[in-house]
Each structure stands twice: as C-alpha cells, then as structure tokens.
Amino acid sequence: MSASTVHSPAPTAPSTRTAPTSRTGATPVVLGGSRALLWLFGTALFGVVLYYFIGIDQGATSVFGDNMYIHEFVHDARHLIGFPCH
Amino acid sequence: MEGRFVARGMLVGVLGGLLAFVFARIFAEPPIRRAADYESGREAAQNALDRAAGLPVETPGPDLFSRSVQGNLGLGIGMVLFGLAVGALYSVAYILACGRTGGVRPRQLALLVALGGFLALYLIPFLKYPADPPAIGHEATIRDRSGLYLLMVGTSIVVLVAGVWLGQRLRPRFGTWNATLLAALACVIVLGAVMWALPSVGHLPANVHQYGRQATETPPPLRNAQGQIVYPGFPADVLFEFRLYSVAAQAVLWATIGIAFAPLADRLLAPSPSPDGRNVKKRSLWV
C-alpha cells in the first residue's frame, strides 16, 4: 500500500527550482521521466518488500511457509518498531 | 541522477538504523526483557491453574532463537534492515517532493521529508495502535491487528501527501504561513475522524468474545477459580518505558536520516560551475 501512495504523483511536472531549463524542451524530460519512473518504482518496491519482511511476514501472512524463523529472529525489533506481534 | 539520491537515501537509512539499534540496545532492551519475563511467568501461572482444574496443559516447544540472540543480533539486523527499507522509501519521497513543495531549499526539504516519514510511518499510526512489548497481543487477532495497523499507515501516507498538495493549492490565496496551518488542520481533522472510526484493539470481535469489552489487549491480573489474583496484570511502568523508548528509537532513526541526507542533497542539487565560470543550476532531476 505504501508503494502505490509513495510514488503516486507521476513525474510529469519538472521542478521549477531544480530544473529551470527543462521548461524549454519537453522531450528530454519525458525521456528522463520514464527512466526516472522505473527508478522510483523499483526503489519503492524494494522498500515495501523489505518493510513487509521485517514487519509483517510470518505473523498475519507468510511467504516462506509455516515456520517462524524471520518472525522470531527480528522479534524484538518488530515489537519496538511498532508492528503488531503475537 | 535518481540513482544517486536512492543510494544516499539507503546509506543514511542504514546509518539511522544503526544508531537506533545502539539506542534501543541500551534503553529499550531492559523493558523488553522484563516484558518477556512477565510473559513466561504468566504462562507458568496459567499452566498451574489449568493443571489444578484438570485441563490439558500444552508445553511450548523450545525457542527458535534465544532471548540473547533476539535482543542483540536480531534487534540489530532488524533495525538496520528497517532503516534500509525506510531510507529507500525516503529517497523516493524526496525526489517526488523536489519542486512540488514550494520554495523549500534542499536541506530544509530533507528535514521536512524525514518529519513526514516519522509521522506517516510511525507516530500517527502509533496514536491509534501504539507499539506493544512482548506479552501484549493475542494470537487470535494478529491478522486483524496487522490489517488495522497497515491501514493506519496507508491512511497516514495518503493524508499527509494530500495535505502537502492542499497546502500548495492554498498558498497563492492565503500565503505560506496560513496555507500551512490550514492544510495541517485539515490533516488533523481527517486523521482524527479515521482514528475515531477504526475499532480499538480490545473491541475486536474475537477479544470481546473471549475477554469481554476491554480497551486494549494489555493483560489484566490472572485470577483463580475463587477470584483471587494469582499473577499481577502487566506492569504499567514497563509498558510506559517500552513505548517511550519505541518513540525515541524512531525519532533517532528519522532524525539521523533527515540530518545526514540534508548536506548530501544540498550537494547533489547545488549549482555546479559551468566551464565558462558562471554558475548554472543542474538541469533536471529527471535527466
């Protein structure tokens, strides 16, 4: 859920502060934009997947079957970070 | 260009996770240990009651990892990887915020995005569903509690992003100061309404069915068949200490991210001298 919200604004409007020259030529921004979008999407996905394994996996849902190795190993961190735990 | 922001975001995230771990190891681990001790003591008392009542007693299997591993290596790796995850998300948020948040300079923006991350990913969800130490939390409701917590996190992200957008829309009409206050007020109202509408953990059907209508899952005193207290309720001081240090550990993490990222972003976005000696701004974040 974080993934969809974090990168929701598409990078169509280039920064007025950081990109004063990009207003003159739209094409380079669009080309750069699609590559940038890939970067943003990939990074957000990486962050969300890691967030999931630290916080949620082997609690409410489980990817690697019915064992508790991840859950028990990061047990204290999970409590402290504020995730619900058994 | 984006890759350089992402790499720096992850770097400061790992650094923040490391510092948060050091903080947590010193301050938070003692109350976590006391909570775990309470949990095992309560389990023993419950088993004694069950045996006296002639009920079958289930003996739990051995721990996968010892308390010492959980409290040192597990805590450390957990905090560092969490820092890495939020550092990655932070860099994405920072890139998206560049140029869309008014006349904020790169360094100030670094602090503001970190503040937003602290609020959306931790403090606002915490207000409704605060962090609980071991011994608090019923196995039967883990699915509901996880769903509600993530719903709170998602709502906080959406509301804060919408709040920034609203502030930008109101700025030409009301000025920066008043637009910021109005947007913040709108966020507080919407988030307050969501928190009011969502159920308390104790009011989940499974809990009401088994324990009656309690506000939370914090264990009350354990009583025997005659109603005498045979094991105390969860100690309030331990709960307070744990929650205080939980907030503080996150503050350490996000403050480190914001403060460490600020000079890095400043350098990435700073005007670079052009060959003929004039200062030219970097062309674009997207190129």
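This is a predicted model: local features need pLDDT of at least 70, side-chain atom pairs count only at pLDDT 80 or more; totals for chains, interfaces and linings use all residues.
Chain B contains seven helices and four strands. Read from the N terminus, its elements follow the order α-α-α-α-α-α-β-β-α-β-β. The C-alpha trace of the chain spans about 90 × 40 × 30 Å along its principal axes. The radius of gyration of chain B is 24 Å, whereas a compact globule of 287 residues would have a value near 19 Å. Of these 287 residues, 38% count as buried. Among the contacts in chain B with a separation of 6 or more, 76% are made by residues 24 or more positions apart.

The chain is divided into two parts: domain 1, comprising 1-57 + 69-136 + 233-287, and domain 2, comprising 142-217. The contact between them takes twelve residues from domain 1 of chain B and 16 residues from domain 2 of chain B. The C-alpha centres of these two domains of chain B lie 19 Å apart.

Attention now turns to helix H3 of chain B. H3(B) has 31 residues, and the distance from its first C-alpha to its last is 42 Å, close to the 45 Å expected at 1.5 Å a residue. Following H3(B) is Gly99(B), which has a positive phi near 80 degrees. Because 23 of its 31 residues are buried, H3(B) is largely enclosed by the rest of the structure. Here a residue is counted as buried if 20 or more other C-beta atoms lie within 10 Å of its own.

In soluble globular proteins, nonpolar side chains tend to be buried together. In this model the largest nonpolar core has 85 residues, and those with the most contacts inside it are Ala24(B), Ala85(B) and Tyr94(B). Helix H3 of chain B, residues 67-97, gives the most to this core, with 15 residues. The core also draws at least three residues from each of domain 1 and domain 2 of chain B.

Which residues of chain A does Ala85(B) touch? Leaving aside residues up to four places away in sequence, Ala85(B) touches Gly47(A), Leu50(A), Tyr51(A) and Ile54(A).

Key. Residues are numbered from 1 along each chain as its sequence is written. Chains are lettered from A and ligands numbered from 1 in the order in which they are written. A nonpolar core is a set of buried Ala, Val, Leu, Ile, Met, Phe, Trp, Tyr and Cys residues joined through C-beta atoms within 7 Å. A residue is buried if 20 or more other C-beta atoms lie within 10 Å of its own, exposed if 12 or fewer, and partly exposed in between; C-beta atoms are placed from the backbone. Helices (H or I, at least four residues) and strands (E, at least two) are DSSP runs, numbered from the N terminus. Domain bounds come from an automatic or database domain assignment. Two residues are in contact if their C-beta atoms, placed from the backbone, lie within 7 Å. The radius of gyration is taken over C-alpha atoms; the globule rule is 2.2 Å times the number of residues to the power 0.38. The expected span of a helix is 1.5 Å times one less than its number of residues.
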